[in-house]
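Here's a quick briefing on the fold you're about to look at. Have the structure open and follow along.

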Amino acid sequence: MTKRIGVHLGTTGGASNAVERAREIGANTFQFFSSSPRMWRAPKVDPAQAARMKAQRVALDVGPLVIHTSYLVNVCSQTEDVRMKSIDAFRGEIERALTWGAEYLVLHPGSWKGLTRDEGLRLAAESISRAIDGLAWQGTPFHILIENTAGAEFSLGGSFEQVAELVERLKPSAPVGVCLDTCHTHVAGYDLVTAEGYEETMRQIAATVTFEAVRVWHCNDAKAERGSKLDRHEHIGLGTMGVEPFRRLLNDPRFAHAAFIAETPVDEPGDEERNVRVLRSLVE
Ligand SMILES: [Zn+2]
Ligand SMILES: [Zn+2]
């Protein structure tokens, strides 16, 4: 199978054109938001549009299809009201992902501010299980992917151990996997940049989330230093990471099954295409 490399696409022109756009810019996988990432209310998916996207994906060999959950969703919020809204909104995200036929729905595990980390972990697992309860995902390739975060104070998922713990708790009730973000990994303090550091980071992945569970790598260079806990994405090769970590990941046989998706800034027209081209050029 050819390497799956793509980018997060804005869908202002309607999500149904996204498959053609992905192909036009040299991508064979992509990610999008199925609703406005900063609004609670979300429109219903038009089943005709979803059918069209499925057919186009088959015709143009584009996949996996990845949807990123809205930033408002916080499944471990200390505030009952926010948590209930988050469960509702996340259920909507799962329903839309299933209608679009998405393989993956990426979720940030949330902020446990005001609680203990353990309490946050417990609430996150409970909320996600409730959100998917009774939905018809069986027999589909659908998986919820828990994304590692930049490790800012109170944010759940800043270490591989925390992501692995949440995944373990969810396994009995939900199809679940992992999305690792290169920028988050780097600013959280893991070394992907030096050759020895990379192997040490791989040992830690093997001992926690495991290679097989990592279905998606978000490929972002970082504006901030390693260990800074500042989540600012940069164009591939132009940040504090450089191109080498991406070359290693893309050619690492332990991630042969994974998709590589850039969430790089769009400063100028053509930036999505440029970042896809840089990633593609690193494949040996
Ligand atoms: Zn990401
Ligand atoms: Zn980020």
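Predicted model: local features only at pLDDT ≥ 70, side-chain atom pairs only at ≥ 80, totals over all residues.

Eight of the strands close into a barrel.

**Overall shape**
- For 284 residues, a compact globule would have a radius of gyration near 19 Å, and the chain's 18 Å agrees with that.
- The C-alpha trace spans about 45 × 45 × 35 Å along its principal axes.
- Buried residues account for 48% of the chain.
- Take the contacts between residues at least 6 apart in sequence, and 75% of them join residues at least 24 apart.

**The barrel**
- Strand β1 (residues 4-8) runs parallel to β2, and three bridges join the two.
- Val 7 has Phe 30, in β2, as its bridge partner.

**Helices to look at**
- Helix α5 (residues 160-170) lies across β5 (143-147) and β6 (176-181), and runs at about 165° to β6.
- Just after α2 comes Asp 61, which takes a positive phi of about 55°.

**The cores**
- The largest nonpolar core has 73 residues, and Leu 105, Ile 128, Leu 145, Val 167, Val 178, Val 216 and Leu 279 have the most contacts inside it.
- Helix α4 (residues 117-132) gives this core its largest share, seven residues.
- Another core, of eight residues, lies apart from it and includes Cys 183, Ala 188, Tyr 190 and Ala 222.
- Leaving out residues up to four places away in sequence, Leu 145 touches Tyr 104, Leu 105, Val 106, Leu 107, Gly 177, Val 178, Cys 179, Arg 215 and Val 216.

**A loop proline**
- Pro 37 sits in the loop between β2 (29-32) and α2.
- Is Pro 37 buried or exposed? Pro 37 has 12 other C-beta atoms within 10 Å, and 12 or fewer counts as exposed, so Pro 37 is exposed.
- Pro 37 still touches Ser 70 and Tyr 71, again not counting residues up to four places away in sequence.
- Ser 86 is 49 residues from Pro 37 along the chain, and their C-alpha atoms are separated by 13 Å.

Conventions: Residues numbered from 1 in each chain as written. Chains lettered and ligands numbered in written order. Rg over C-alpha atoms; globule rule 2.2 N^0.38 Å. Buried ≥ 20, exposed ≤ 12 C-beta atoms within 10 Å, placed from the backbone. Contact = placed C-beta atoms within 7 Å. Helix = DSSP H or I, 4+ residues; strand = E, 2+ residues; numbered from the N terminus. Core = buried A, V, L, I, M, F, W, Y, C linked by C-beta atoms within 7 Å. Pairing = 2+ DSSP bridges. Axes fitted to C-alpha atoms, helices over the stretch in contact; angles between N-to-C directions.
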